[in-house]
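Dear colleague,

I am handing over the structure below, followed by some notes on what was found in it. Please read the notes with the coordinates open beside you.

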Amino acid sequence: MSLSPVEGVALAEIESTGEGPEQKGLVGRSPGQLVWNRLRRDRTALVSGIVLVLLILAAVAAPLISRLYGTSPSQQFGDLLDATGMPLGYVGGVSGDHWFGLEPGLGRDIFIRMIYGIRTSLLIALGAAVVTTTIGVVLGIIAGYLGGVVDAVIGWFTDVALAMPFLVFALAVVPTFSLRFYGPRDAIPTWFAVTTLIVVFAAFGWTGTARLVRGQVVSLREREFVEAARASGAGLWHMLFRQLLPNIWAPILVAFSLAVPSYVTGEAALSFLGVGLPESVPSFGRMIYRSIDYLQTDPAYVFFPGITIFALVLAFNLFGDALRDALDPKSSR
Amino acid sequence: MTEPLLKVRGLTKHFPVRDGFRARGAVRAVDGLDFDVRPGETLGLVGESGCGKTTTGRMLVRLLDATSGSIEFDGRDITHARRAQLRPLRQDLQIIFQDPYASLNPRHTVGRIVAMPLQVNGINPPGGIKKRVQELLELVGLNPEHYNRYPHEFSGGQRQRIGIARALALRPKLIVADEPVSALDVSIQAQVINLLRDLQRDLDLAFVFIAHDLAVVRHFCHRVAVMYLGKIVEIGDRDDIYQRPQHPYTRALLSAIPDVTTLGPAGRIRLAGDVPTPLNPPSGCRFRTRCWKAQDRCATEEPPLITRDGGGQLTACHFPETGTISQDSGPVGATAEEVSK
Amino acid sequence: MVKLPEPRSGESPYLRVKDLRVRFDTEDGVVRAVDGVSFSVERGRTLGIVGESGSGKSVTSLAILGLHNAKRAAISGEISVGGRQLVGMPEEEVRRLRGRDMAMIFQDPLSALHPYYTVGRQIAEAYRVHHPRAGKREARGRAVDMLGRVGIPQPGKRFDQYPHEFSGGMRQRAMIAMALVNDPDLLIADEPTTALDVTVQAQILDLLEDLQGEFRSAIILITHDLGVVSQVADDVLVMYGGRAVEHGSVEQVLRRPQHPYTWGLLSSVPSLHGDADADLVPIKGNPPSLINLPSGCAFHPRCRYADRNGDRSRTEVPELRPAGEAGHLVACHLPADERTRLYQQDIAQVGVAQ
């Protein structure tokens, strides 16, 4: 239990005492700079941020890494496998040439496939997050500000989207969708598979952001600065995107940073279930799916992709939490 | 006699109360107001919470739509004007808000806040927007170099000045000021009142000054309208209202204000109870449930807002008070003893 | 009509605060929210603490009640309530005193009353916490009694209603009933009427006074409103920047003020009397930030007379010293005769000070 009125009084007394900038003699700090300063002081944010930057760099620079490493993701090293298809050597064939070993069966290099897997995962996850956030923000801000019938209709769509079972939908729709454009024997192009996944995520993922944004806007709508803009004759566009949007960046950013890891795992899950990306595209889900058969004979094959996806998702989540704390220092602690 | 700048007739606002889907009556927030504001004049709109003064202010600047009645500004009926038709009017009619913290967009710089009315109306003043904004900041006593700062770097009084600068950006003829000083520290209140007074004099602005504090209103307004439960109970020139109040409610309100000039408990008029709910206001005179003079007639017949002495002071009371309150010293509630029991 | 101070009895003051200091360590630095404040209140008397935001008045009252989080606030000095030393007392014992010997009325009754319990139940709970042997029925009877005492009509029926069913004034009355249910000897009211309308404020101030007459409790009234202070306080303490700047009887502080800050307050308050067309005389500048308090006298950047003592006002913190009359203290570097002269010359003519 918190002593709300008590703490409130004391804090108000300490904090309400703003004084003119002229007396302070400090350089004026924008809200963004304040967040950046708080973020820099947070060790969790620092570590998870560095991990994220490294992983993103690896994804972006995948072709370069591939060239320096001297191996391509589809290259097969059949001569390094034994007669049963298991990699020679220890720990799944880890060596100076193949840092994380080789895949059993096809003999492809795990390290470079993982680098490309990160690239695929992040591309899909970021793409889906951008699309869902955009849809969610636009719908949420319109519903929240206009209210009434518009709000009711958008709310109804949100409920319908929430009521549909995502996994069943994905399992049923993704293959049908592919068949609509390509024959059962055609190779499905990568861009098509990626787009399909993003569309499927987008169809379901916008609801959370839309609700979040709507709630924020409803509470801001009655604030006097919004009325001031209305009293000056501001139009709808100005109200939504000049007055309201800048004030809800914080929750949107947090929602975005927490959506990305959920799409990473979502893509992995769908690929694992066989409805995600085609075999030729390196992806975490595929790798883990294939590795399950070798759980006992070649644990390293499961270990490396598993630990990387874990690190990626954890880093994103921790960073999202740290961002939330930095944006709203009063919410926690 | 100059033509009134603002002419309000029968202004009414009812907020429907729903019980699920069924309408369950209406909150009669504002119920038939008539008043005028002449150019360069300040009208004080005074009353306790729930009397409808804030709703009235919001209707005047068209943030709320009136249920019925008319608002005429500068000779044009703006009661139902649409946004495009309102556009030229917006420039003449602005509002200052109560809460200096909520009324400024925390993510915008001061420059952007003050420039907003210019931008949304597509006005490019000579010398550019920035120059105009800096002039405005200087006009309200802020350092023009603070153009690029954010609201959180300013104190309450300074923020209120920013809000005033924004309201002045379009060079309005009339400003609705909704409790502009009540959220400020005592020592800052006087600064802002003086600023508004100077602006009023220098720019020949008309004000509708909404406040609950009669002492503040006295220092700022030429005329005063006292509201109770959505109606004007008394309206008149400042000196009439403060020295010769005729409505019992005005008297009670004046005597309830703790004034520094009197030490110890002065003879206050003790009003019993609270303001009744506007959902179901009393019949007849709405003040009768708390009035010490109420008689049967007050419950059945609503008193009209009329003049008692042929002058400009209008009172809505069947049994108006007479007598003068001294403005020089001593407790206000001179009639308190005879009234309290 | 000026209320004469009660003859001071031989008993020692019920509350005695000596050199109270409250410090918060924050991200931006150390905040000295209260910096060496001393005062005392006898039973049956009311002390008004006046100050603007950031003056430390609310922090002072929370310190007396022991409501500061020990992890965040460092408190030193002496707070003696009915002879017991509060600073350093175990939390458990302070809690036992709180509610029974001292109670608080907050500005916003809606946030101080729990929305999910009936008003009556909350008052009865407050009683039973300190009367563990009291039965449900006894507690209810007591609560209904208190509701009636604070002027709530039909207290038996009101007992079972929720806070949202009460109007603002009634809620404040209910909170006063809750604060008084254990007959506390010390009542701290923090801006008790600020959220109320003037006619209701008048009722509540009357009520507080009646109840004080009945219970002979010591009251601390914290407010920014000099008008309220002039009506109900016996003594006044003016705070600025966490320090006391003037202390004396209400007559002394409001009629013969000695500190330029008090002068400023009095001449900037709009009044119902005097010349309505005359400009108010505000205090220039803004209240200081406690994080970054001006050196020397905290008021010096806003004081018209700060230059009259060379550098003293800027470098030396003025102590609270006798201002001439008995019991009247002021913290100002100006010499006494100069203060009197300046007051006559500059202040006495303007605003409400006249």
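**Domains, sheet and contact**

In chain C, the C-alpha centres of domain 1 and domain 2 lie 44 Å apart. Domain 1 covers residues 116–182 and domain 2 covers 257–353, with bounds that come from an automatic or database domain assignment.

This is a predicted model, in which local features need pLDDT of at least 70 and side-chain atom pairs count only at pLDDT 80 or more, while totals for chains, interfaces and linings use all residues. Residues are numbered from 1 along each chain as its sequence is written, and chains are lettered from A and ligands numbered from 1 in the order in which they are written.

Chain C also holds an open, antiparallel sheet of 4 strands in the order β2-β1-β4-β5, where strands (E, at least two residues) and helices (H or I, at least four) are DSSP runs numbered from the N terminus, and two strands pair if DSSP finds at least two bridges between them. Its edge strands, each pairing on one side only, are β2 (29–41) and β5 (84–85) of chain C. Strand β4 (residues 73–81) of chain C pairs with β5(C) in the antiparallel sense over 2 bridges, and Ser80(C) has Gln85(C) in β5(C) as its bridge partner.

The contact between chains C and B takes 45 residues from chain C and 44 residues from chain B, counting residues whose C-beta atoms, placed from the backbone, lie within 7 Å. On the side of chain C that touches chain B, α8(C) gives the most, with 8 residues.

Best regards

Key. Two residues are in contact if their C-beta atoms, placed from the backbone, lie within 7 Å.
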